[in-house]
Amino acid sequence: MGDYFVAHQEPGSRRVRKFSRDNHSPRECVIKIESDADVVIARRKGRSMAADIGFEPRDLTRITAAISELARNIIAYAKRGEIVLLSIDQEKRQGIAVVSRDDGPGIRDLSQAMRDGFSTSGRLGLGLPGVKRLMDEFEIVSEPGRGTAVTVRKWKS
Ligand SMILES: Nc1ncnc2c1ncn2[C@@H]1O[C@H](COP(=O)(O)OP(=O)(O)OP(=O)(O)O)[C@@H](O)[C@H]1O
Ligand SMILES: [Mg+2]
């Protein structure tokens with residue numbers, strides 16, 4: 001399988017654990033999210049990291065949109081949390097991983113939360129399903145009372 005980096009997260013955990021088949025560390029950036037200004041910072045850092053990896057402009061837009069949705073959900077539902085950006089490699093592909101983590105109320109029914117139009121806050125309910133469509137890989141882990149962690153990845157084509 002070659003070099004393989006994956007950001008593994010658990011709700012409530014403060015750490016991003018990295019597994020790799022060699023000792024090479026991926027580049028990583030952690031942004032605390034508690035205000036709209038932090039969302040802007042996370043978008044900007046994500047865009048610059050993705051541009052360095054070599055993503056085309058269309059993908060930069062998709063990646064920054066995904067970061068925004070995840071960060072806005074942190075503020076709306078958990079008040080605070082963090083976004084972790086990771087430059088990842090797998091065999092000959094390069095990509096970016098975005099991990100959003102919070103210790104908020106969690107999501108009781110994930111399949112409901114992933115449905116287009118489902119919102120507990122009277123919003124559009126397009127955030128999470130939109131993020132899934134924008135990125136190549138999507139994982140969500142949530143535990144009521146403990147928090148929510150979303151990991152998404154996009155590979156450079
Ligand atoms: N980090 C989170 N913590 C707790 N609940 C969350 C979190 N993120 C999403 N949710 C729950 O999942 C639902 C769906 O999220 P999603 O982002 O798809 O829609 P929304 O935030 O309601 O609306 P939109 O993103 O379109 O403005 C939310 O209404 C909320 O109940
Ligand atoms: Mg949302």
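Reader: What surrounds ligand 1, and which residues are the closest?

Author: In this predicted model, 24 residues surround ligand 1, and the closest are Asn73, Ser119, Thr120, Arg123 and Gly127. Helix 2 and helix 4 are the elements that give two or more residues to that shell. Helix 2 gives the most, with six residues. By kind, the shell divides into twelve nonpolar, nine polar and three charged residues.

Reader: Why are helix 2 and helix 4 called roughly antiparallel?

Author: Look at the angle. The axes of helix 2 (residues 57–78) and helix 4 (residues 127–134) cross at roughly 155 degrees. The label needs an angle over 145, so helix 2 and helix 4 count as roughly antiparallel. Their axes also come within 9 Å, and the crossing is left-handed.

Reader: Which residues make the contact between these two helices?

Author: Helix 2 brings Arg62, Ala65, Ala66, Glu69, Leu70, Arg72 and Asn73, while helix 4 brings Gly127, Gly130, Val131 and Leu134. Sorted by kind, that's five nonpolar, three polar and three charged.

Reader: What about Pro144: is it buried or exposed, and how do you know?

Author: Count its neighbours. Pro144 has 12 other C-beta atoms within 10 Å. The cut-off for exposed is 12 or fewer, so Pro144 is exposed. You'll find Pro144 in the loop between strand 6 (137–143) and strand 7 (147–155).

Reader: Which residues is Pro144 in contact with, leaving aside its neighbours within four places in sequence?

Author: Those are Pro105, Gly106 and Arg108. Take Arg108: Pro144 and Arg108 are 36 residues apart in sequence, yet 5.6 Å apart in space, C-alpha to C-alpha.

Terms used: Residues are numbered from 1 along each chain as its sequence is written. Chains are lettered from A and ligands numbered from 1 in the order in which they are written. This is a predicted model: local features need pLDDT of at least 70, side-chain atom pairs count only at pLDDT 80 or more; totals for chains, interfaces and linings use all residues. Axes are lines fitted to C-alpha atoms, for helices over the stretch in contact, and angles run from 0 to 180 degrees between N-to-C directions. Helices (H or I, at least four residues) and strands (E, at least two) are DSSP runs, numbered from the N terminus. Angles under 35 degrees count as roughly parallel, over 145 as roughly antiparallel, 65 to 115 as roughly perpendicular and the rest as oblique. A crossing is left-handed if the near helix is turned anticlockwise from the far one by less than a right angle, and right-handed if clockwise. Two residues are in contact if their C-beta atoms, placed from the backbone, lie within 7 Å. Ala, Val, Leu, Ile, Met, Phe, Trp, Tyr, Cys and Pro count as nonpolar, Asp, Glu, Lys and Arg as charged, and the others, Gly among them, as polar. A residue is near a molecule or strand if its C-beta atom, placed from the backbone, lies within 6 Å of it. A residue is buried if 20 or more other C-beta atoms lie within 10 Å of its own, exposed if 12 or fewer, and partly exposed in between; C-beta atoms are placed from the backbone.
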